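Welcome! Open your viewer, keep the selection tool handy, and follow along stop by stop.

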Amino acid sequence: MIETASIDNVIPCVDVVKCTARIGAEIMNVRLSSDLPNQMVAAINKLLLEHKVIFFRNQGHLDDAEQERFGLRFGKLVPPALGAAEGTTAILELDSARGGLRADSWHIDMSCMHAYPKIAVLRGVVIPPVGGDTVWSNTAAAYLSLPPPLQRLAEDLWAVHSSAYDFAITVRPSEADKKGYDEFSTKTRFETEHPVVRVHPETGERTLVLGSYVTRFVDIPKWDGHKLFDVFQSHMAAPENTVRWNWKQGDIAIWDNRATMHYAVKDYGDQHRVVRRVIIDGDIPVSVKGRCSVARQAHQAAAS
């Protein structure tokens with residue numbers, strides 16, 4: 001039986017259909033736009049905090065400009081490091097026909113930044129008939145699934161996240177994507193020490209902060225670090241903590257980047273796939289002991 005919940009006390013005729021027990025919900029009967037009532041935007045944010053990632057079908061009326069304006073309802077937009085899509089100020093376009101950076105590794109968007117984005121809004125523009133799903137993980141549920149001794153260990157750990165990530169060979173870009181990767185890693189370099197467990201500023205939940213931007217753990221030898229990474233990452237990517245979304249053209253996915261990580265599945269061969277994303281400015285992570293993340297490096301390389 002499909003579990004549903006109503007938010008009729010906020011906006012009539014809106015239903016919430018949970019995707020899994022731990023993460024994800026489809027929001028029904030909502031037409032997204034930049035002029036939604038403040039009450040509705042607040043309700044969407046509340047649902048986002050509860051379900052971590054929420055989905056809206058049949059939003060094909062949104063164009064680039066309206067997607068940007070809608071994103072602004074949740075905060076300041078962060079321009080893409082590689083430059084915005086033509087005619088926009090803050091949209092990152094991921095077009096399979098143009099190469100560039102891929103997202104087929106588990107990651108938290110821009111976790112190499114000191115205050116990495118809090119929310120992302122992704123729009124399906126061209127969707128292949130087969131494949132191209134995205135998977136999200138609930139990193140708060142992942143923390144709770146750890147045995148108490150591992151929770152305590154994670155709370156004491158700090159990790160270095162870098163835009164020149166090299167923690168695991170499996171997350172390096174393919175040769176076809178190397179140009180975009182090199183541009184990102186050389187023109188703009190971000191490197192930050194984050195706590196492995198942060199306290200969510202709105203819910204108070206403890207969430208794990210890892211993913212493919214991690215290069216190493218602070219004060220932990222490299223090989224021990226690899227083993228620790230695998231232990232914690234395996235809990236974050238455990239199937240029971242994830243939801244997989246089968247995209248259709250015009251879909252919108254909104255996720256809490258402070259409580260999730262995600263993976264874009266590269267299983268659509270040579271078929272064309274285009275998605276466009278805006279991200280909303282976030283806050284500096286704080287550990288369970290009250291210590292803030294530390295920016296080690298953030299610079300824009302001089303133009304050649």
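Start by selecting Val125 and, leaving aside neighbours within four places in sequence, look for what it is in contact with: Gln249, Val274, Val275 and Arg276. Contact here means heavy atoms within 4.5 Å. This is a predicted model, where local features need pLDDT of at least 70 and side-chain atom pairs count only at pLDDT 80 or more, while totals for chains, interfaces and linings use all residues. Residues are numbered from 1 along each chain as its sequence is written, and side-chain values use heavy atoms, with hydrogens and water left out.

Is Val125 buried or exposed? Val125 counts as buried because its relative accessibility is 19%; the cut-offs are under 20% for buried, over 50% for exposed and partly exposed in between, with a 1.4 Å probe and protein chains only.

Now show the cartoon: Val125 belongs to strand E6 (residues 119-126). Strands (E, at least two residues) and helices (H or I, at least four) are DSSP runs numbered from the N terminus.

Move on to strand E14 (residues 252-256), which pairs with E4 in the antiparallel sense over four bridges. Strands pair if DSSP finds at least two bridges between them. Here Ile252 of E14 stands opposite Phe56.

Then select E4 itself, residues 53-56. Val53 and Phe55 point one way, Ile54 and Phe56 the other, and all are buried.

Finish at E3 (residues 25-28), a parallel partner of E4 over two bridges. Ala25 stands opposite Ile54 there.
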